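Trainee: I'd like to learn how to read a fold feature by feature. Could you walk me through one?

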Amino acid sequence: MKDLDFEAMRKKMVEEQLIPRGISEKRVLESFNKVPRHEFVPKELWQSAYNDYPLPIGGGQTISQPYMVALMTESLKLKGDERILEVGTGSGYQAAILAKLAKEVYSIERFQDLADTAKKALDSLGYKNVKIKVGDGTLGWEEFAPYDGIIVTAGAPGIPESLVNQLKDNGRLVIPIGGSGFGQVMTIVEKTGHAIRTSEICGCMFVPLIGKEGWDR
Ligand code: SAH
């Protein structure tokens, strides 16, 4: 394989995939320019690591398309001092992006092998503010709750109540919601007191969220 210029690939990704589609927050764009996405996919896929689509990461799971990661990240409106929960660690890429933009990131993955690989990648790149655990993320991570923001990177049948409960007042939950099979609608849930307000931002296609407050299988 010829040498790949990852920095140039990242710049191209930001300029051709993110900016033209409306991702505008400076800190978000900066994080996509910095985080080495290729380090989160198998080596055979390094040359396509910055392309405009999701990639397989093993076990039938995927690392999301860069634009989708950016859109979900921007929806959290991070300033830098937040505590964030991610459900669906997968490759660890989204967690790495969040680690640059928030203070603490807690991420849950149902598969041990994916969690291990993600942890290795994050450790070797020096991210110190990400904690990963294996478990059912539909139940949240009570120990560190409440969270300023929660991001679910798998498709859910509805809004998991446990996640809403673990959200701070004025916190935001970003989650793809939809019926079985045919994709989902990216949904933002804002919590104010005991009330929630939802808004739908776009159609999307994620692997299923499997767990007690998700799909059965
Ligand atoms: N955020 C990831 C993409 C993850 S794909 C990235 O940046 O690469 C969705 C992941 O959610 C898969 O790895 C899948 O195993 C995981 N998942 C599905 N249901 C889950 C649950 N209930 N709890 C934790 N992880 C779950």
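This is a predicted model: local features need pLDDT of at least 70, side-chain atom pairs count only at pLDDT 80 or more; totals for chains, interfaces and linings use all residues.

Trainee: Let's start with helices. At what angle do helix 2 and helix 4 pack?

Mentor: For a helix pair, look at the angle between the axes and then at their separation. Helix 2 covers residues 26-34 and helix 4 covers residues 93-101; their angle is about 130 degrees, and the axes are 9 Å apart.

Trainee: Is the crossing of helix 2 and helix 4 left-handed or right-handed?

Mentor: Right-handed, for helix 2 with helix 4.

Trainee: And which residues in helix 2 and helix 4 meet?

Mentor: Helix 2 brings R27, V28, S31, F32 and K34, while helix 4 brings Y93, I97, K100 and L101. Sorted by class, that contact between helix 2 and helix 4 has five nonpolar, one polar and three charged residues.

Trainee: Now helix 1 and helix 3. At what angle do their axes cross?

Mentor: Roughly 75 degrees, and the axes of helix 1 (residues 6-18) and helix 3 come within 10 Å. So helix 1 is roughly perpendicular to helix 3. Here M13, Q17 and L18 from helix 1 meet P66, Y67 and A70 from helix 3. That contact of helix 1 with helix 3 divides into five nonpolar residues, one polar and no charged.

Trainee: On to single residues. Is G183 buried or exposed?

Mentor: Check the relative accessible area against the cut-off: buried means under 20%. G183 has 11%, so G183 is buried. You'll find G183 in the loop between strand 7 (167-177) and strand 8 (184-192). Setting aside residues up to four places away in sequence, G183 touches G178, C204 and M205.

Trainee: What about Q184: buried or exposed?

Mentor: Buried, because the relative accessibility of Q184 is 11%. Q184 sits in strand 8. Beyond its neighbours within four places in sequence, Q184 contacts G155, P176, I177, G178, C202, G203, C204, M205 and F206.

Trainee: Which backbone atom lies 2.8 Å from a polar atom of the Q184 side chain?

Mentor: The backbone nitrogen of F206. F206 is also one of the residues in contact with Q184.

Trainee: Last topic, the backbone. What should I expect before I look for exceptions?

Mentor: Most residues other than glycine have a negative phi, and most peptide bonds are trans.

Trainee: Which two residues does a cis peptide bond join?

Mentor: A145 and P146, with omega of about 5 degrees. P146 lies in the loop between strand 5 (130-134) and strand 6 (147-152).

Trainee: And what is phi for K77?

Mentor: Positive, about 50 degrees, although K77 is not a glycine. K77 is in the loop between helix 3 (66-75) and strand 3 (83-87). Its relative accessibility is 48%, so K77 counts as partly exposed.

Trainee: Where is N170 placed?

Mentor: N170 is in strand 7. N170 has a positive phi of about 70 degrees and is not a glycine either. With a relative accessibility of 59%, N170 counts as exposed, since the cut-off for that is over 50%.

Technical notes:
Residues are numbered from 1 along each chain as its sequence is written. Side-chain values use heavy atoms; hydrogens and water are left out. Helices (H or I, at least four residues) and strands (E, at least two) are DSSP runs, numbered from the N terminus. Buried means under 20% relative accessible area, exposed over 50%, partly exposed in between (1.4 Å probe, protein chains only). Contact means heavy atoms within 4.5 Å. Axes are lines fitted to C-alpha atoms, for helices over the stretch in contact, and angles run from 0 to 180 degrees between N-to-C directions. A crossing is left-handed if the near helix is turned anticlockwise from the far one by less than a right angle, and right-handed if clockwise. Ala, Val, Leu, Ile, Met, Phe, Trp, Tyr, Cys and Pro count as nonpolar, Asp, Glu, Lys and Arg as charged, and the others, Gly among them, as polar. A polar contact is a pair of N or O atoms within 3.5 Å; within protein, one must be able to donate a hydrogen and the other to accept it, and residues adjacent in sequence count only if both atoms are side-chain atoms. Angles under 35 degrees count as roughly parallel, over 145 as roughly antiparallel, 65 to 115 as roughly perpendicular and the rest as oblique.
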